[in-house]
Amino acid sequence: MDLEIFPHEHFMQKAFQQAQAARELDEVPVGAIIQREGKVIGAAHNLTRQLRDPTAHAEMMAITQAAEAIGDWRLNECTLYVTLEPCPMCAGAIVNARVGTVVYGAADPKAGAVESLFTLLNDDRLNHKSEVVAGVMGPKCGNILTEFFREKRQAKKK
């Protein structure tokens, strides 16, 4: 696969693998990858239930890993791939970390803070803007979430 032609799908597939790992742990299946110069420097999935930590979203954990990997909190030259549109908390962290580009899969009409409900990553009032690419592997990223929550609702009925 030529990464110059298909970089988004390549890295989104890695983020999707993280989402699958979250699902196996009975976590909401969201995965995130951060790459810089073609190298993965952060890879995480949701762990809010496992860690009993409401901030343990995939994006937050990947940002922490990436900052540690490069020895700087500024992630200007990095790209974050995440299977679900970031929430307000994660979008705030993305702005504060100055992530250069954000690529996400499925839109989140209930909590999305990139384009759905808010546009935090391109708000003129904030000190940083990220380039945004939406919908990469969107149906696949959305389906894993739909299936997860369908199973949860069915289990509650039993």
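Let us start with the contacts of H57: this residue touches N46, T48, C87, M89 and C90, leaving out residues up to four places away in sequence. Contact here means heavy atoms within 4.5 Å. H57 sits in the loop between α2 (48-51) and α3 (58-70). Helices (H or I, at least four residues) and strands (E, at least two) are DSSP runs, numbered from the N terminus. With 21% relative accessibility, H57 counts as partly exposed, where buried means under 20% relative accessible area, exposed over 50%, and partly exposed in between (1.4 Å probe, protein chains only).

Residues are numbered from 1 along each chain as its sequence is written, and side-chain values use heavy atoms, with hydrogens and water left out.

Which positions does UniProt give for the feature "binding site"? The unreviewed entry places this feature at H57, C87 and C90. These three are spread over 34 residues of sequence, yet they cluster in space, with a largest C-alpha distance of 9.4 Å. H57 and C87 from this set also belong to the lining of the largest pocket. UniProt positions are given in the numbering used here, feature names are shortened, and annotations may be inferred rather than shown by experiment. As for the pocket, the search uses a 1 Å grid over the protein atoms alone; a pocket is an open set of points with protein on both sides within 12 Å along at least five of seven lines, where a 1.4 Å probe fits, and lining residues have an atom within 4 Å of a point.

C90 lies in helix α4 (residues 88-97). Is C90 buried or exposed? At 0% relative accessibility, C90 counts as buried. Apart from residues up to four places away in sequence, C90 touches H57, E59 and M60.

Helix α4 also holds V95, which counts as buried at 4% relative accessibility. Beyond its neighbours within four places in sequence, V95 is in contact with L120, L121, L126, N127 and H128. V95 and R74 are 21 residues apart along the chain, and their C-alpha atoms are separated by 9.8 Å.

I turn now to the sheet. Five strands form an open sheet, in the order β2-β1-β3-β4-β5, with mixed pairing. Its edge strands are β2 (39-45) and β5 (131-134), each of which pairs on one side only. Two strands pair if DSSP finds at least two bridges between them. From one strand to the next, the twist averages 15°.

Helix α3 packs on the sheet and touches β1 (31-36), β2 and β3 (79-84); the direction of α3 makes about 150° with that of β2. Axes are lines fitted to C-alpha atoms, for helices over the stretch in contact, and angles run from 0 to 180 degrees between N-to-C directions. Helix α5 (residues 138-157) lies across β3 and β4 and runs at about 60° to β4.

Let me take the strands in turn. β1 and β2 pair in the antiparallel sense over six bridges, and Q35 stands opposite V40 in β2. The two strands form a hairpin with two residues between them, and E37 in the turn has a positive phi of about 55°. β1 is also joined to β3 by four bridges, and these two run antiparallel; here A32 stands opposite V82 in β3. Five of the six residues of β1 are buried, so this strand is largely enclosed by the rest of the structure.

Strand β3 contains T79, which is buried with a relative accessible area of 10%.

β3 and β4 run parallel and are joined by five bridges; L84 has A106 as its bridge partner in β4. Strand β4 (residues 101-106) is in turn joined to β5 by four bridges, again parallel, and T101 has E131 as its bridge partner in β5. β4 is mostly covered: six of its six residues are buried.

Finally, a word on confidence. The protein averages a pLDDT of 95, and 96% of the residues score at least 70; pLDDT is the predictor's confidence in each residue, from 0 to 100. Over residues 1-5, the pLDDT is below 50, and this stretch has three contacts in the model beyond near neighbours in sequence. Where pLDDT is low, the predicted coordinates should not be read in detail.

Notes
Predicted model: local features only at pLDDT ≥ 70, side-chain atom pairs only at ≥ 80, totals over all residues.
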